[in-house]
Amino acid sequence: MSLLALTHKELREQAPAFLVAAALVIVGCLVTGWLADDLFVDSATFAHTAAVCLTAIVAIAMGCDIGARERNEGTQEWLRRQPVSLGQVALVKLAVLLGALVAAAVVGSESATVASRLFASGASSLQAEPMVGLILGGTVALALWSMACSSFLPRGFLAAPGGACVFALLALPAALHEIVMGRLRPDPPIGLWLTCALIGGALAALSSMAIGSRREWATWKRAGTVALAGSIGIAPTWFEAGANLAGVTTLDLSSPNLEVRSAFLHTDGRHAFAMLRDEQWPSFPVVIDLETGETVAAGVLGDDLWPAHTTVSTRSNRFPFGVLHKQDGDSEIVGSDGEILAIDRAELSAADLEPFNTIGDGGWTLALPAGGGWRLSRAGSGARAFVAAPGATPVTEEVLAAAGWRVQYVEGWLVDGLWIFRGLVRPSANGQTITEYRSLDAEAGELLAVDWMQARDSIVCALADGKALVGDRARLSIVDVREGGRRDLDTSGRKVRWWAGTATVLQATEGEGSLSCVTAVTADGSIAALVRADGSVARWIEPPPGSAGILCLTALADGSIAVLTYRGGQVLRFGPGGDEPIATALHW
Amino acid sequence: MSETNDIARLRGVGVKLGRSEVLRGLELGLAPGELCVLLGRNGAGKTTLMRVLAGTLRAESGSVRVCGADPSRSAAARAAIGFVPSLPDLPPWMSLTTAARFARRCYPTWDDRRLWRAADALAVPRRGRISKLSRGQAAGVQLALALAARPRLLLLDEPFAGLDAVARDGLLSAFLTEVDLEDTATLVSTHDLDIAARIADRALLMDGGALREQAVGDAQLEHSAAALRALLTQTTPGPDGAAA
């Protein structure tokens, strides 16, 4: 019961500071929502900024007062006479302070959300701001520090100038952004404001220490003054920093600078996993519906502050997923709706994954679960088994050495159940490093010579019936991986600089059965070729000038071909007759 | 009266504030139903003695027991004490009602009827903030709160200082009406010899941090009052010059 009484007392005494600060931040949110552009107002940065801002103000206003109040008010003796321990009093004060900080974060966030709903035009954007948690954690520490310091200040009203010093400290993150990222540098007026806050806060703190103040103000005046000063000192710099941060961490699909950095088609033939960016960095992994242009974020972006190294790669032949590799080396499996899927990777086998990609720890090799499938490990990584098939003898370093391979580098492709390897090897101890190709007979566990691959050849696309598209920089051929026959594609006079990207198999397009698509870079940019099973080109698809090439394409149910372009973030649809494309802008 | 029945008992209590020895070797017992008046000049140590008994100041030597426990360490002992300070020290935003709401949850023997009866007798507003009340009204609020807790030990530290005659008589009347004269030990510090003579069962004369005289009965009280008058006319300061 006594704890209840103490809690009620503390809430009653600290309510003015909280209410004044909350009122100011709510008004601030409404004004900001009205004045600021949608990119900031409709982003999570707005809510985060308001939450941090109000929490910081409450941390100062209450932290400076709650510990020193009994001495300031002359109620220490009264409190000591009560049949409660001072430990209980301290505990309640601490709990009320922490509770108020949580409430401040919620009120600030909700205020911004309401303002966003009222004033934003409905645009949506991606966010990646785990730093907010760090700042809020720091604010809690600051509140505790203020509370401890305020208990040692010799005069009542010293809480206010003491708090002013902390205001300056709280304004520092805005300056720190300048160090972390130049583009977050405050604008000149805000920079001046920040400088004044720093100087004023320091002067106030020094004067309070040197001179002190005996002026006795009522509770609400003192708390209100601290909250008001906190709002004026903190809010402008924080909201400005938040707006700057939003410009970096949000992805504006309507931006003229929007680029699709990489993309590949989902197994469902309709969605594409892509990396988008509208500034220099970071890039955002998304899933794009190639029929409608609707875009969703892939995975939980908030897990990474700067997802510059986040990439979407690896698709499955059997499961509708892509793999989202994150900066910290971890990875998530995401579906076509952008949600993270709970798939046990130990259940995946080689057939579930499209080769020539990576799943697991990153790197350039195909690393599959050891239990039921294949494992191709990077030479020198410490793994002893290079290639292993169930029931077959593992191809170890010793096997490779027996074949004359001293492996510097190895990569592989799985085509129709046959592994084809390219190794950077030294035939002898003193010999020069050369590139050689081998195929692996899984049952025999032997490496066989491959004579139809030539230097710099890569397998661009695995086709049906044991065929594959093989290309170097300027030549694309269709081969039978078991028989070894090879026939070059007719480029119809186009001068191809190099064949690029992972080819896509299009099903039942234009009544011609399965077509494979490969992209090629020509002097005019990236184009796509639809290739028949016999190796002839059924059709060339050329995006309009300025789009800078094709990254991904698919055949839609109506027979049209949808193409995702590199620049501008557009989905182009080409009709069966090869007519002018219809552009669809990406949208959330 | 037997010492074992004493509600409050001080043995050899010594207190230093800074370098000043404010209390030294103090021996005192307060029995149930006893109304004791503490007399002494400024700086004699009266308020310090009150604070030691209330548990807000810890004795450096000797022992302090209220209801068998050290009030500076025992919340239960503090719950048995009612205290009316010379100056109001409730949080200024509190009113009688809000202060009672707080105290009701802290004091197990809380009695609302006694609170409102005392408040009516003292004519204090129930909802007026302490900071807005007159000195007499604020003293009345604190007395009403102290009485409502049904204390075993009631300490009044110069409660009549600064009050006009009407307010002083009202306070005194309410106090004498509501206090449990049989169960409660009361210690009142005052400079007012007339009040001391009117209410005291026993008068204690403090000087230099020690009890100089005790007087029981009218004749002794008269003698004690005379001693205090003589003390007040002395020009020499207390032994340590300390102000209590």
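Figure 1. A residue counts as buried at under 20% relative accessible area, as exposed at over 50% and as partly exposed in between, using a 1.4 Å probe and protein chains only. This is a predicted model in which local features need pLDDT of at least 70 and side-chain atom pairs pLDDT 80 or more, whereas totals for chains, interfaces and linings use all residues. Residues are numbered from 1 along each chain as written, chains are lettered from A and ligands numbered from 1 in written order, and side-chain values use heavy atoms without hydrogens or water. Chain A holds eleven helices and 25 strands, while chain B has eight helices and nine strands; helices (H or I, at least four residues) and strands (E, at least two) are DSSP runs numbered from the N terminus. Of the 588 residues of chain A, 51% are buried, and of the 244 residues of chain B, 55% are buried. Taking the contacts (heavy atoms within 4.5 Å) with a separation of 6 or more, residues 24 or more positions apart make up 55% in chain A and 71% in chain B.

**Figure 2. Helices H3 and H6 of chain A pass each other in a roughly antiparallel arrangement.** Helix H3 of chain A spans residues 44-66 and helix H6 of chain A spans residues 86-119, and their axes, which are lines fitted to C-alpha atoms over the stretch in contact, come within 7 Å of each other. The two axes cross at roughly 150°, and H3(A) and H6(A) are therefore described as roughly antiparallel (over 145 degrees; under 35 is roughly parallel, 65 to 115 roughly perpendicular and the rest oblique).

**Figure 3. A:Glu10 is a buried residue of helix H1 of chain A.** Helix H1 of chain A runs over residues 2-35, and A:Glu10 lies within this helix. The relative accessible area of A:Glu10 is 1%, so this residue counts as buried. When residues up to four places away in sequence are left out, A:Glu10 touches A:Ile66, A:Glu70, A:Val92, A:Lys93 and A:Val96.

**Figure 4. Helix H1 of chain B is mostly covered.** Seven of the nine residues of this helix, which covers residues 46-54, are buried. The buried residues of H1(B) are B:Lys46, B:Thr48, B:Leu49, B:Met50, B:Val52, B:Leu53 and B:Ala54. After the helix comes B:Gly55, with a positive phi near 90°.

**Figure 5. Helices H4 and H5 of chain B are roughly antiparallel to each other.** The axes of H4(B), residues 112-122, and H5(B), residues 135-148, come within 8 Å and cross at roughly 155°. On the side of H4(B), the contact is made by B:Arg114, B:Leu115, B:Ala118, B:Ala119 and B:Leu122. From H5(B), the residues that take part are B:Gly140, B:Leu143, B:Ala144, B:Leu145, B:Leu147 and B:Ala148.

**Figure 6. B:Ala123 has a positive phi in the loop between H4 and H5 of chain B.** Although B:Ala123 is not a glycine, its phi is positive, at about 55°. With a relative accessibility of 56%, B:Ala123 counts as exposed.

**Figure 7. B:Glu158 has a positive phi and is buried.** B:Glu158 is found in the loop between strand S6 (153-157) and helix H6 (165-178) of chain B. Its phi is near 45°, a positive value in a residue other than glycine.

Methods: Axes are lines fitted to C-alpha atoms, for helices over the stretch in contact, and angles run from 0 to 180 degrees between N-to-C directions.
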